[in-house]
Amino acid sequence: MTHTRYAFVKANWHSDIVDRALDGFLQLIPAEQVDIFDVPGAFEMPLIARDLAQTGQYAAIACAAFVVDGGIYRHDFVARAVVDGLMRAGMDTGVPVLSVSLTPHQYQETDHHNAIYREHFVQKGREAAQAALKVTETRAHIAAAA
């Protein structure tokens with residue numbers, strides 16, 4: 001059975017930027033096919049992605065976060081843990097888990113930087129939707145050939 005539902009998990013830190021990834025995702029995948037889940041921050045995404053994947057309801061799960069330097073933890077530590085966790089969630093469940101988790105080297109909370117990253121997240125959301133659709137198509141092709 002081919003699933004036509006997708007999950008989109010988004011971190012609430014910097015939601016004014018992160019939410020733009022959902023905007024881009026919904027440009028390619030109809031909103032009625034997407035279930036949206038908010039989590040406090042990037043660190044919580046792998047667990048929720050795994051839980052969602054285990055339901056068997058989703059063809060793919062996209063996760064979006066903006067991890068910047070200046071928090072309690074070093075941003076590179078958090079970003080690495082998140083991306084590794086997302087990959088593990090996908091590998092352990094067999095459901096594709098896509099990352100729209102960005103970690104800029106240079107970020108200052110200015111109007112200029114915020115505008116750049118908002119637009120960048122729209123593009124990354126579209127790319128995640130393209131990947132979700134393509135991987136769904138490829139997996140359906142593999143299943144039909146088996």
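This is a predicted model: local features need pLDDT of at least 70, side-chain atom pairs count only at pLDDT 80 or more; totals for chains, interfaces and linings use all residues.

Biologist: Got it. Is aspartate 35 buried, exposed or partly exposed?

Modeller: Aspartate 35 has a relative accessible area of 21%, so it is partly exposed.

Biologist: And which residue does aspartate 35 form a salt bridge with?

Modeller: With arginine 5; their closest N and O atoms are 2.6 Å apart. A salt bridge here is a side-chain nitrogen of Lys or Arg within 4 Å of a carboxyl oxygen of Asp or Glu. Aspartate 35 lies in strand β2 (residues 34–39) and arginine 5 in the segment before β1 (6–11), so the pair ties together parts that are 30 residues apart in sequence. Arginine 5 counts as partly exposed, at 27% relative accessibility.

Biologist: How many salt bridges are there by that rule?

Modeller: The count comes to 9. Arginine 118 and aspartate 16 make one of them, at 2.9 Å from N to O. That pair links distant parts of the chain, with arginine 118 in helix α4 (residues 111–145) and aspartate 16 in helix α1 (residues 15–26), 102 residues apart. There is also a network of salt bridges that links Lys10, Asp19 and Asp38.

Biologist: What about glutamate 137 and lysine 134, how far apart are they in helix α4?

Modeller: They are 3 residues apart, so about one helical turn separates them. Their side chains meet in a salt bridge of 3.5 Å, N to O. Glutamate 137 is partly exposed at 49% relative accessibility, and lysine 134 is partly exposed at 48%.

Biologist: Let's zoom out. How many helices and strands does the chain have?

Modeller: There are 4 helices and 4 strands. Starting at the N terminus, the elements run β-α-β-α-β-α-β-α. Helices (H or I, at least four residues) and strands (E, at least two) are DSSP runs, numbered from the N terminus.

Biologist: How much of the chain counts as buried?

Modeller: Of its 146 residues, 42%.

Biologist: Back to α4. How far does α4 reach from its first C-alpha to its last?

Modeller: It reaches 51 Å with 35 residues, close to the 51 Å expected at 1.5 Å a residue. The expected span is 1.5 Å times one less than the number of residues. Among the buried residues of α4 are His113, Tyr117, Phe121 and Ala128. Their cover includes β1, α1, β3 (60–66) and β4.

Biologist: And β1, how many of its residues are buried?

Modeller: 6 of the 6, so β1 is largely enclosed by the rest of the structure. Tyr6, Phe8 and Lys10 are buried on one side, and Ala7, Val9 and Ala11 are buried on the other. In a regular strand, side chains alternate between the two faces of the sheet. β1 also pairs with β2 in the parallel sense, over 6 bridges; two strands pair if DSSP finds at least two bridges between them.

Biologist: Who is the bridge partner of valine 9 in β2?

Modeller: Phenylalanine 37. Valine 9 is buried, with a relative accessible area of 0%. Leaving aside neighbours within four places in sequence, the contacts of valine 9 include Phe37, Met45, Ile48 and Cys63, where contact means heavy atoms within 4.5 Å.

Biologist: Last one: where does serine 101 lie?

Modeller: In strand β4 (residues 97–102). Serine 101 counts as buried, at 17% relative accessibility.

Conventions:
Residues are numbered from 1 along each chain as its sequence is written. Side-chain values use heavy atoms; hydrogens and water are left out. Buried means under 20% relative accessible area, exposed over 50%, partly exposed in between (1.4 Å probe, protein chains only).
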